[in-house]
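Hi,

Here is the structure I promised to pass on.

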Amino acid sequence: MSESKSEDKVIHIALAGNPNVGKSVIFNQLTGMSQIVGNWPGKTVKKAEGKCKFKNYIFKIIDLPGIYSLSTYSIEEIISREYLVEEKPDYIINVIDCNQLERNLFFTTQLQMLNRPMILALNQYDVLLRRGFDINEAKIEEMLGIKTQKVVAVHNRGVHELLEKIIEMEESGKIQNSKPIIFGKEIENEIQRLGSELKSNEILQDDSYSLQFTAFKILEDDEHIKKHLIEKNDNQLDHFLYYVEEKRKNLEDFHGETISTILNSEIYNIVNHIYEESIIIKKSSRSFKVRNFFDHITVHSIYGYLILAVVLLGTYLLIFNFGNMISGSMDKLYENLTPNAEHTLGGVDNWIYILVWNGFVGGLFAGVGGVLPFVIPFYFFIEILQDIGYLPRAAYLMDRFMHRIGVHGKTIIPILLGFGCTVPAVSACAIMETENQRKSSIIISSMIPCSAITTIVMGLVFKFRGPWVTLGLYLILLSVIIAIGKILTIFSDVEESELIIELHDFRVPNFKVIMKQTWHRSKEFVYLALPLIIILGILMQIFVEFNLLDWINVLLSPVTEYFLGLPLEIGVYLIYGVLRKELNLVLLELYVDSQGILMDEFLSPIQMIVFTLITLLYIPCLATFVVIRKEAGRKFARHLLFFRLLGATLIAGVVYWIFQFVSNIKPDWTFGYQIAITILIFFLFLYIVVFLIGKFIKHRDKGKRRRSHGFKEFAEIKSCNNCSKFNKCDYKTNSSCNEFESLE
Amino acid sequence: MVQSKNNLEKFSEIPIINIPFNTNVSVVHIRAGFKATQRLSGMGITPGTQIKILSQAPFRGPIQIMVRGTRLAIGYGLAMKIFVKQ
Ligand SMILES: Nc1nc2c(ncn2[C@@H]2O[C@H](COP(=O)(O)OP(=O)(O)O)[C@@H](O)[C@H]2O)c(=O)[nH]1
Ligand SMILES: [Mg+2]
């Protein structure tokens, strides 16, 4: 740290807590603009770090992802847990929403078990008061043994006091670690015993995990802890693990529940006690009547959908028109400036003109004019919906339909955004809860035809072939998307795609927060995508200059000409689309014009469809690619690119060859009939492919047995309604339930 | 005698899906997989928890429930595996 004075002490702080409690607002209040937002290495999870100087200390703060528990349900939980135990921040600030004390304290108790210095931020205190409650801070401090601070993050109240309390602890010299929690007698005994086992056998060789946390988690059969301990002990752990297994079995048999259920219920008992002791009811409030009405109507079976349609369509049209307006005037500006540039830069044929104006400035305008006017308003729009709390309601309403195409209900948001612009759609996939869901949604939403693609479809297929053929084309696209969704479901855990989401109360949007977030996201995008777009623009001009285009066409001809039956010259226009999708068509039109023919002379009806289909399905545009790479990592982006290219070529090829087949058998039919039959045969083909993949995967998985708690086995046992021990019952092997018989 | 009463009680467990709206019930079992159970308890649903269904989205959509002062939406498939009694 060169810029800091030597006496400034550095204190590392981690903000941890449930989603939506206000961690990021606190983080922003503390760090202001000095923050770096990136991803956790190789993950789709956001990582925000920043620092602030306060009273001779430099605080380095990290905003951990919002989680509900320190188990290993999601990648966020694993990341947070590993960060806390391995990086060992000096203090943990556990941010909680004091309006949902019980559920938040559930997480607090898990943090407490880590036995690290910790402080509790009781956030959204303003809302609590407004609701007519209050909280007894002293009681909480006493019962949990940690310092607390009331905070109203959005008004910057109590935020810096958090740091003051930390400094106080630091300077008083008695940094208190959070106390271990005390469970009910039975569990407490087990944990104590396991703890002393761990200690006396020196199993826990380092101090990364605390004794209580390890004992608790090993009793819970937590895979990560188990692996950690086995590694530390060179696999000499069978004896201990067997011992734990015994203990666990005893508890499960006694309670007739799975171990995690027993332990979690135990924690909730403690938490519930704290809640009842510390919440003070003052008066019942009025202002919540109005909100209740909104809460009710937005999830209503009829009005809910109407509101959803209005919200999405309205915003979409608004942004679309706004974007087109700006984008159009930017294009005009470019055109108007061109003659001047020609003059100054030495004529159309001068290579400086071509590189600088066509390449650099052209690329700049393509990026700034063609992408930003859509991207920024869309970011703004997502932030507003996120901030007022509408998104979970949309997910609730659409979950059923989204399930049909194999994705989580929340994916409706990126999908709808995708009709405007794929870039914000891909960023919006960050709202999904697990890494797999995020990746599935990125795959699906990046296939939604954006406004640029719609321009191509309208300007080519619709214009020359009419509405029915256009509909057919979209049906092909839809069927492909559904097929991909189905294939993704085959690979994913069924329960993982089940919706579990919090519908928190509506909030009045906080425009400062929204503007800040929009700014951050747009800035990121500009830094990442704009340079690439400009470089590509210049590269393409170089291609033109050195006459490399013909070579590209020849190089692509085995695919374009022979497999897809397209004209040779079209190859290079497919490459232009990488920059901006509509360039595919715009530049092709220019070329066809220059040849003195009409578009429908240049492309036969089926060629038009194949060309458009390829454009719909193949690589996403450069800006999208950049965002995918940022959100999901290089490897994922590369794979996606590869499969999109391959898939698009295959699908367009299949459609082409089916059409060839149909038109050879029935040459006297009109084009419309031929293409209709082609599409039907294509559906059948797709169905068979998905079916076969499903069969193949199931067959392959048959040998592998899942964990005893796994979903598949449960599915076989669930017919036993007679006994409670569903995962122990031998119903499927004995064809009768032991428990049931013994009862009779 | 005690055993058969116990037995009867078992039969009175009903999936939460079949409970009318706005009725207070308490969770008896969660017969879901390991991860889903973990997730549900993180969100406040464990055996013994008092819950209440507020609404359900059409066509076997998710249900909206009230748990420990928060509202959650839970997918139909998973809701089928939460057993409650009145
Ligand atoms: N009324 C009120 N709203 C808050 C407070 N703190 C945060 N919020 C709102 O809570 C929402 C979630 O905040 P955020 O920081 O994104 O939560 P995170 O998921 O924990 O990072 C935002 O809409 C904030 O405006 C607070 O103290 N009072
Ligand atoms: Mg956040």
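Helix 26 of chain A runs over residues 605-617. With 13 residues at 1.5 Å a residue, helix 26 should span 18 Å, and its end C-alpha atoms are 19 Å apart, which agrees. Please keep in mind that this is a predicted model.

How much of helix 26 is buried? The count is 12 of its 13 residues, so helix 26 is largely enclosed by the rest of the structure. Buried here means under 20% relative accessible area. The buried residues of helix 26 run from Ile606(A), Gln607(A), Met608(A), Ile609(A), Val610(A) and Phe611(A) on to Thr612(A), Leu613(A), Ile614(A), Thr615(A), Leu616(A) and Leu617(A).

Further along chain A there is a positive surface patch, made up of Arg629(A), Arg634(A), Lys635(A) and Arg638(A). Helix 28 of chain A, residues 634-665, supplies the largest share of this patch, with three residues. Arg634(A) is placed in helix 28, and Arg634(A) counts as exposed because its relative accessibility is 56%, where the cut-off for exposed is over 50%.

One more spot to look at is the loop between strand 3 (46-54) and strand 4 (57-63) of chain A, where Lys55(A) lies. Asn56(A) also lies in the loop between these strands. Lys55(A) has a positive phi, near 50 degrees, although it is a residue other than glycine. For Asn56(A), likewise not a glycine, phi is positive and near 65 degrees. Asn56(A) is partly exposed, at 48% relative accessible area.

Notes. Residues numbered from 1 in each chain as written. Chains lettered and ligands numbered in written order. Predicted model: local features only at pLDDT ≥ 70, side-chain atom pairs only at ≥ 80, totals over all residues. Heavy atoms only, no water. Patch = residues over 30% accessible without salt bridge, like charges linked within 9 Å, V, L, I, M, F, W, Y side chains within 5 Å. Areas by Shrake-Rupley, 256 points an atom, 1.4 Å probe, with all protein chains shown as cover. Salt bridge = Lys/Arg side-chain N within 4 Å of Asp/Glu carboxyl O. Lys, Arg positive; Asp, Glu negative; His and termini not counted. Charge placed at Lys NZ, Arg CZ, Asp CG, Glu CD. Helix = DSSP H or I, 4+ residues; strand = E, 2+ residues; numbered from the N terminus. Buried < 20%, exposed > 50% of the residue type's maximum accessible area, 1.4 Å probe, protein only. Expected span 1.5 Å × (residues − 1).
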